[in-house]
Each structure stands twice: as structure tokens, then as C-alpha cells.
Amino acid sequence: MTRQAPNHARTVPLRPVTVRPTTARPGPVRPAAAAPPGPAPAPSAPGEPLWRDLVGDVLRGERLAQERTLKDVAEAARISVPYLSEVERGRKEASSEVLAAAARALGLGLGDLLARAHGELVRVTGRRPGAVRGRSGSSYDGLCLAA
């Protein structure tokens with residue numbers, strides 16, 4: 001019979017784990033837990049936001065600009081309020097169908113949503129749209145998403 005490692009040993013977090021400061025409480029001091037075995041998560045490049053954060057920011061910004069509630073947009077998009085909230089906060093990686101439905105509920109097309117997210121990416125990273133992308137030598141200047 002083979003022995004499997006616990007689940008936490010086989011997972012790699014998508015985001016670096018952040019430690020939040022807590023208030024000191026009186027009581028016994030517990031020893032620190034050992035880090036689970038396995039590869040350490042790769043550090044994210046500084047200044048490179050996650051796509052889901054950018055898309056969520058665009059969705060939330062448009063919703064707030066229209067002075068609409070989460071409930072109103074979620075009902076129009078036919079998705080749950082908690083799920084839309086998590087998409088807006090960058091906690092969930094939404095499918096293209098969900099993104100298209102949320103965009104339509106806000107009066108946008110999927111292309112509009114993605115173009116705005118791309119514009120935000122360019123703004124945040126400080127890169128020009130035609131900047132050199134590496135060694136590939138490709139002259140393609142479009143937006144490409146891979147799932």
C-alpha cells in the first residue's frame with residue numbers, strides 16, 4: 001500500500017502567502033509550525049498584477065460608475081452575488097462565459113472589458129503597448145489570453 005502525502009504538500013499557492021499582523025494576546029507561546037515539504041512558491045515579479053485583479057477592478061469600477069449594486073449586476077448577469085463579489089476582488093478566476101455575462105450586464109462587450117483591463121495593465125506596469133516583449137521577435141501587438 002502506498003502512502004500519499006497530505007494535500008497541503010501537493011498544492012502550490014497561486015499567490016504568495018501574506019502574514020497579517022495580529023494583536024498580541026497573553027497566554028502560552030506555541031512553537032512555529034514547520035513549513036510543508038515541497039517546492040517553494042515562485043515569487044511574483046514586482047509590478048506585475050494578476051489578470052484576475054485587473055479584470056475585477058474594471059468590473060467594479062464600471063459598476064460603481066453606473067451606481068449599481070452587486071445584487072443588481074449579478075441578477076442581470078445570472079450569477080450569484082458572492083461569486084461576482086469574489087470576481088471583482090480578484091479572488092476567483094472567472095470563465096470567459098462569466099466575464100461576458102458580467103460585461104453584458106454592465107452594457108459592455110467582452111472585448112471592451114478585456115481592452116480596459118489591458119489598458120489598466122499598461123498603466124500599472126508603465127509599459128508602452130509596443131514595447132519589446134522578449135526574444136520571440138514577434139511583431140504581433142494584440143492581446144492574447146491562454147487558459
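Contact here means heavy atoms within 4.5 Å, and helices (H or I, at least four residues) and strands (E, at least two) are DSSP runs numbered from the N terminus. With that in hand, welcome to a predicted model, in which local features need pLDDT of at least 70 and side-chain atom pairs count only at pLDDT 80 or more, while totals for chains, interfaces and linings use all residues. Residues are numbered from 1 along each chain as its sequence is written, and side-chain values use heavy atoms, with hydrogens and water left out.

**The chain as a whole**

- The chain holds five helices and zero strands, in the order α-α-α-α-α from the N terminus.
- Of its 147 residues, 23% are buried, where buried means under 20% relative accessible area, exposed means over 50%, and partly exposed lies in between (1.4 Å probe, protein chains only).
- Among contacts in the chain with a separation of 6 or more, 66% join residues 24 or more positions apart.

**The nonpolar core**

- A nonpolar core is a set of buried Ala, Val, Leu, Ile, Met, Phe, Trp, Tyr and Cys residues joined through side-chain atoms within 4.5 Å.
- The largest one here has 22 residues, and the members touching the most others are Val55, Leu59, Ile79, Leu84, Leu99 and Leu113.
- Two or more residues of this core come from each of α1 (51-65), α2 (70-77), α3 (81-88), α4 (96-105) and α5 (110-125).
- Helix α4 gives the largest share of this core, six residues.
- Setting aside residues up to four places away in sequence, Leu113 touches Val55, Val58, Leu59, Leu99 and Ala103.

**Helix α1**

- The 15 residues of α1 reach 21 Å from first C-alpha to last, close to the 21 Å expected at 1.5 Å a residue; the expected span is 1.5 Å times one less than the number of residues in the helix.
- Buried in α1 are Arg52, Leu54, Val55, Gly56, Val58, Leu59, Glu62 and Arg63, and the buried residues of this helix pack against α2, α3, α4 and α5.
- Glu62, a member of α1, counts as buried because its relative accessibility is 16%.
- Beyond its neighbours within four places in sequence, Glu62 is in contact with Leu106, Leu108 and Arg116.
- Just after α1, Glu67 has a positive phi of about 55 degrees.

**Val73 in helix α2**

- Val73 sits in α2 and is buried, with a relative accessible area of 2%.
- Apart from neighbours within four places in sequence, Val73 is in contact with Arg63, Arg68, Leu84, Ala105 and Leu106.
- Val73 and Ala101 are 28 residues apart in sequence, and their C-alpha atoms are 9.5 Å apart in space.

**Helix α5**

- The end C-alpha atoms of α5 are 22 Å apart, which agrees with the 22 Å that its 16 residues should span at 1.5 Å a residue.
- The buried residues of α5 are Leu113, Leu114 and Ala117.
- They lie on the same side of α5, because they cover an arc of only 90 degrees around the axis, the arc being that of the directions from the helix axis to the C-beta atoms.
- An α-helix has 3.6 residues a turn, so residues three or four places apart point the same way.
- The buried residues of α5 pack against α1 and α4, whereas Gly111 and Arg123 are exposed on the other side of α5.
- Just after α5, Gly126 takes a positive phi of about 75 degrees.
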